[in-house]
Amino acid sequence: MTPSTIFQRPRRIARLGTVFVDIIVRPSGAIGLTLVIAHLVLALIAPFVVPYDFTEMNATLVMAPPSSLHLLGTDHLGRDTLARTLMGGREAILVTGIATPLAVMWGGLVGIFFGLAGGKLDEVLMRIVDAFLSLPWILKMLVLIVTFGTGIEVLIPTLAFFYGIPVIRIARAATHDVVARDFVQAARARGHSKITIIRQELLPNVRDALLVEGAMRWSWMLLAFSSLSFLGFGVSPPTPDWGLMIADARGFMSFSPLGVLAPMVGLSSLIIGINLTADALAKALGIDRAQKAPV
C-alpha cells in the first residue's frame, strides 16, 4: 500500500459523506432514497412478515374483497394479494440489482476504450453500436430468452448485455471530455499503457457520470424485467412478480382491481424512488443529465 493510497481513502470517504448529505438535504433525494431503502428492506424481510404463504390457494376465497384477514383481498386463485405484492419485488430487485452493475462495468470500460482510441476505429465501432441500438430492445431480448430459456441465469446476462450497450455511448462521450486534457497527454508522454491511463486517469474522471447512468439504467431495467414477466418471458408461476401479477389479474380487473393496482403501486413507487435518487445524485455530483447526451 502506497502513501498516496493511504491518504486517498479518507478523502474518498469524506466525499461519499458529502454526496450522501447533499442527496438527503434535497426533498426529491430524501423521498427517493427513502422509497428505495424501504423497498430494499422489504425485499429482505418480506418472507418473515407476509401474512400468508404466497402460493397458498383457497377455492372458497376466489377474488374476495378486502377484509380484516386479507387486507388487499385475494386473486383469481384465492391467493392473498398483500402477501404476493410484498414478495413481488424480490425477484426483480435481485435480477436487476446484479445485472445493472454488470451493464455499467462492461459498457463503461468499452466506452472509455473507444473514447481513448479515437479516430476511425472509434467512429466505425460507434456506428456498429448505433445500428444495434436502432433495433427494438424487446425483440433483441426475446430472441435470446426464447433461445436459451427464462431462468435467472439467462435473464441477468441478457439484461446486462443489452443495457450495457447504451452505457458505451455515455462513457465514450464523458471520455472525450477528459482525454484531451493535459494530465492525459502527460501520461501518454510518459509512456503509460492504455490500461494504466484508463485506470489512473480516465476512470476516476468518468466514474461520476457512470454512477448516475447506472442509477437510471436500474429503473429502466426494472421496467424491462417487469415487461418480460408481463409477456410471459420473465419469471415463471407461481413465483410472485409484479409484472406477472398484473398479467394474471388484468382479466379480472372489474371484479378485483386491487390485484392490478397493488403490484402497479409497488413497481411505480420503486421506479419513482430510483429516478428521484438519480436526479439528486446527478445534482450532488454536478452532472447535468440534460446536456450529457453523446453525439
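**Figure legends: a helical protein, view by view**

**View 1. The whole fold.** The protein has 10 helices and 0 strands, and this is a predicted model. From the N terminus on, its elements run α-α-α-α-α-α-α-α-α-α. Along the principal axes, the C-alpha atoms fill a box of roughly 80 × 45 × 35 Å. Take the contacts between residues at least 6 apart in sequence: 70% of them join residues at least 24 apart.

View 2. Of the 295 residues in the protein, 44% are buried.

**View 3. Helix α3 from end to end.** Helix α3 covers residues 81-117, which makes 37 residues. At 1.5 Å a residue it should span 54 Å, and because its end C-alpha atoms are 54 Å apart, the model agrees with that expectation.

**View 4. The two ends of α3.** Here we zoom in on the helix start and on what follows the helix. At the start of α3, Asp80 places a side-chain oxygen within 3.3 Å of the backbone nitrogen of Leu82. Just after α3 comes Gly118, with a positive phi of about 60°.

**View 5. Where to read the model with care.** The average pLDDT of the protein is 84, and 92% of the residues score at least 70. Over residues 1-7, though, the pLDDT is below 50, and this stretch has 2 contacts in the model beyond near neighbours in sequence. Residues 290-295 also stay under 50 in pLDDT; for them the model has 8 contacts beyond four places in sequence.

How values were computed. Residues are numbered from 1 along each chain as its sequence is written. Side-chain values use heavy atoms; hydrogens and water are left out. Helices (H or I, at least four residues) and strands (E, at least two) are DSSP runs, numbered from the N terminus. The expected span of a helix is 1.5 Å times one less than its number of residues. A polar contact is a pair of N or O atoms within 3.5 Å; within protein, one must be able to donate a hydrogen and the other to accept it, and residues adjacent in sequence count only if both atoms are side-chain atoms. pLDDT is the predictor's confidence in each residue, from 0 to 100. Contact means heavy atoms within 4.5 Å. Buried means under 20% relative accessible area, exposed over 50%, partly exposed in between (1.4 Å probe, protein chains only).
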